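Please examine the protein shown below.

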Amino acid sequence: MDLPQEIDDYIKGSIEYTLGLPVSSNTLELKLRASEEAQSRLGDRYLLQQSRMKEKDQAIDRAKAESNMNALALKKFVEENQKLGI
């Protein structure tokens, strides 16, 4: 199986680093680029998750508000029935 040259170089550099051999600047640049790309992807995922959490928090707030309105309406209903002697 033939790998793209960039991946082959990255693997070779990683093996050399693991063995304690001197690491070329090209390998370090590849590792830096890979790290920056991973950081960018994580940043995007973080923002997406943050947006989803905000949506869920808003849904919870709406449900709480609706629940409070229902509780007030029920309380009023019970009070009116008690006044009527039902």
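The points that follow are grouped by topic.

This is a predicted model, in which local features need pLDDT of at least 70 and side-chain atom pairs count only at pLDDT 80 or more, while totals for chains, interfaces and linings use all residues. Residues are numbered from 1 along each chain as its sequence is written, and side-chain values use heavy atoms, with hydrogens and water left out.

**Overall form**

- The protein has 2 helices and 0 strands; helices (H or I, at least four residues) and strands (E, at least two) are DSSP runs, numbered from the N terminus.
- Its radius of gyration is 30 Å, well over the 12 Å that the globule rule gives for 86 residues, so the protein is more spread out than a compact globule.
- That radius is taken over C-alpha atoms, and the globule rule is 2.2 Å times the number of residues to the power 0.38.
- The C-alpha trace spans about 90 × 25 × 20 Å along its principal axes.

**Surface and burial**

- The accessible surface comes to about 7,900 Å², and carbon and sulfur atoms account for 57% of that area; the Shrake-Rupley method with a 1.4 Å probe gives these areas, and for residues only the protein chains shown count as cover.
- Of the 86 residues, 6% are buried (buried means under 20% relative accessible area, exposed over 50%, and partly exposed in between, with a 1.4 Å probe and protein chains only).

**Helix H1**

- Isoleucine 11 is found in helix H1, which covers residues 5-18, and this residue counts as partly exposed because its relative accessibility is 36%.
- Aspartate 8 also has its place in helix H1, and it counts as partly exposed because its relative accessibility is 36%.
- The C-alpha atoms of aspartate 8 and methionine 53 are separated by 40 Å, and the two residues are 45 residues apart along the chain.

**Helix H2 and the segment after it**

- Alanine 63 lies in helix H2 and, at 44% relative accessibility, counts as partly exposed.
- Between the C-alpha atoms of alanine 63 and leucine 30, which are 33 residues apart along the chain, the separation is 49 Å.
- Glycine 85 is located in the segment after helix H2 (25-84), and it counts as exposed because its relative accessibility is 63%.

**A charge over a ring**

- Lysine 31 lies over the face of tyrosine 10, at 5.0 Å from the ring centre.
- A charge sits over a ring if NZ of Lys or CZ of Arg is within 6 Å of the ring centre and within 35 degrees of the ring normal.
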